[in-house]
Amino acid sequence: KTTPVHNMLGQIFNKYRCDKGGLRHRYDRVYSPALQQLRKGEFNMLEIGILRGESFKAWLEYCPQAQLYGIDIFKRVPAESIGILQNERVHWCKCNSIEGPFDEFIKMVNH
């Protein structure tokens, strides 16, 4: 018996204790159909709000060729304490998604 794709993503979210999974928000039901065609290919994904990096860990596993970009203001958790930000497929910057300035974001996406 095969695992439905949204269940697989939900299991990955839960594995990394990400709030997007079945334990909390159940976004796997939305993300799986949207990413099914993309997930094994090369693409870029932006996540606004990194917190402790749990969802980056999940995305790295679920989308093995994706480049992940993230922005956060890092007020609750300092960037230096988030190990996953050192992954070669993870790109991040300190930026406020609402107020800017967006200079750091522009540098990140144009690297």
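Is Glu61 buried, partly exposed or exposed? I found that Glu61 counts as partly exposed, because its relative accessibility is 33%. I used these classes: buried is under 20% relative accessible area, exposed is over 50%, and partly exposed lies in between (1.4 Å probe, protein chains only).

**Entry 1: the model.** I noted that this is a predicted model, in which local features need pLDDT of at least 70 and side-chain atom pairs count only at pLDDT 80 or more, while totals for chains, interfaces and linings use all residues. Residues are numbered from 1 along each chain as its sequence is written, and side-chain values use heavy atoms, with hydrogens and water left out.

**Entry 2: the fold.** I counted four helices and three strands in the protein chain. Helices (H or I, at least four residues) and strands (E, at least two) are DSSP runs, numbered from the N terminus. Along the sequence I read the pattern α-α-β-α-β-β-α. The radius of gyration is 14 Å, close to the 13 Å that the globule rule gives for 111 residues, so the chain is as compact as a globular protein of that length. That radius is taken over C-alpha atoms, and the rule is 2.2 Å times the number of residues to the power 0.38. I also recorded that 39% of the 111 residues count as buried.

**Entry 3: Glu61 and Lys15.** I looked up the salt bridges (a side-chain nitrogen of Lys or Arg within 4 Å of a carboxyl oxygen of Asp or Glu) and found four. One of them joins Glu61 to Lys15, with the closest N and O atoms 2.9 Å apart. Glu61 lies in helix α3 (residues 54-62) and Lys15 in helix α1 (residues 5-15), so the pair ties together parts that are 46 residues apart in sequence. Lys15 counts as exposed, at 53% relative accessibility.

**Entry 4: Glu47 and Lys20.** I found a salt bridge between these side chains, at 3.7 Å from N to O. Glu47 is in strand β1 (residues 44-48) and Lys20 in the loop between α1 and α2 (28-35), so that distant parts of the chain, 27 residues apart, are linked. Glu47 is buried, at 8% relative accessibility, and Lys20 is buried as well, at 12%.

**Entry 5: Lys107 and Glu104.** I found the closest N and O atoms of this salt bridge 3.0 Å apart. Both residues lie in helix α4 (residues 103-109), three residues apart, about one turn of the helix. Lys107 is exposed, at 54% relative accessible area, whereas Glu104 is partly exposed, at 38%.
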